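Here is a request to go through the terms used for one model and to check each against its cut-off.

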Amino acid sequence: MPQLDAFDWRLLDALQQDASLTNGALAERVGLSASQVSRRRQALEGAGVIRGYRALIDPEAIGLSVTVFIHVALNTHSRDNARRFRDLVKLTPAVLEAHALTGEADYMLKVAVGDLKELARLVNEVLLPHESVARVRSEIALETLKEPGLLPLAMA
């Protein structure tokens with residue numbers, strides 16, 4: 001990880017709050033010139049500290065009103081089986097997040113679907129029939145209390 005100074009931390013904080021800010025607007029918030037902000041931003045992107053930018057879209061506004069957490073247990077614990085499951089996750093657009101876990105389940109998926117029928121299709125036609133999967137348990141989110149999570153930055 002590159003050494004970050006106070007200006008870098010302020011830049012990261014400002015971008016995390018609003019990635020659409022121009023270099024000029026960032027410069028005002030950070031206390032540098034727009035050209036210095038541009039150079040620092042490019043350096044942070046090049047170093048992989050900033051991985052990308054995206055718009056936050058309201059899922060319900062585009063018909064994805066059901067958020068589900070799916071716990072998946074693999075049928076065998078081998079490198080090939082884990083790779084097959086990871087490939088499946090990458091090819092499944094409804095999967096928003098996927099995490100390898102300790103404990104009873106091997107993976108937890110965060111999924112966005114339009115309705116319960118779509119969830120049933122995902123579980124019964126995509127996940128359960130897949131050769132790598134042994135068991136699936138799903139939990140439907142009733143309410144989202146906080147999203148997205150901004151990283152707690154250790155401001156220097």
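Predicted model: local features only at pLDDT ≥ 70, side-chain atom pairs only at ≥ 80, totals over all residues.

Residues are numbered from 1 along each chain as its sequence is written, and side-chain values use heavy atoms, with hydrogens and water left out.

Q: Why is Val89 called buried?
A: The relative accessible area of Val89 is 14%. Buried means under 20% relative accessible area, exposed over 50%, and partly exposed in between (1.4 Å probe, protein chains only), so Val89 counts as buried.

Q: What does Val89 touch, not counting residues up to four places away in sequence?
A: Val89 touches Val95, Ala98 and Leu109, where contact means heavy atoms within 4.5 Å.

Q: What makes the pair of Asn81 and Ser132 a polar contact?
A: The side chain of Asn81 reaches the backbone oxygen of Ser132 at 3.2 Å. A polar contact is a pair of N or O atoms within 3.5 Å; within protein, one must be able to donate a hydrogen and the other to accept it, and residues adjacent in sequence count only if both atoms are side-chain atoms. Leaving aside neighbours within four places in sequence, Asn81 is in contact with Leu74, Asn75, Thr76, Glu131 and Ser132.

Q: How do you know that helix 2 is roughly perpendicular to helix 3?
A: Helix 2 (residues 23-30) and helix 3 (residues 34-46) pack at an angle of about 100°, with their axes 8 Å apart. Roughly perpendicular covers 65 to 115 degrees, so helix 2 is roughly perpendicular to helix 3. The contact is made by Asn23, Gly24, Leu26 and Ala27 of helix 2 and Ala34, Val37, Ser38 and Arg41 of helix 3.

Q: Why are helix 1 and helix 3 called roughly perpendicular?
A: Helix 1 (residues 6-17) and helix 3 pack at an angle of about 80°, with their axes 11 Å apart. The two helices are therefore roughly perpendicular to each other. Their contact is made by Phe7, Asp8, Leu11, Leu12 and Leu15 of helix 1 and Val37, Arg40, Arg41 and Leu44 of helix 3.

Key: Axes fitted to C-alpha atoms, helices over the stretch in contact; angles between N-to-C directions. Helix = DSSP H or I, 4+ residues; strand = E, 2+ residues; numbered from the N terminus. Parallel < 35°, antiparallel > 145°, perpendicular 65-115°, else oblique.
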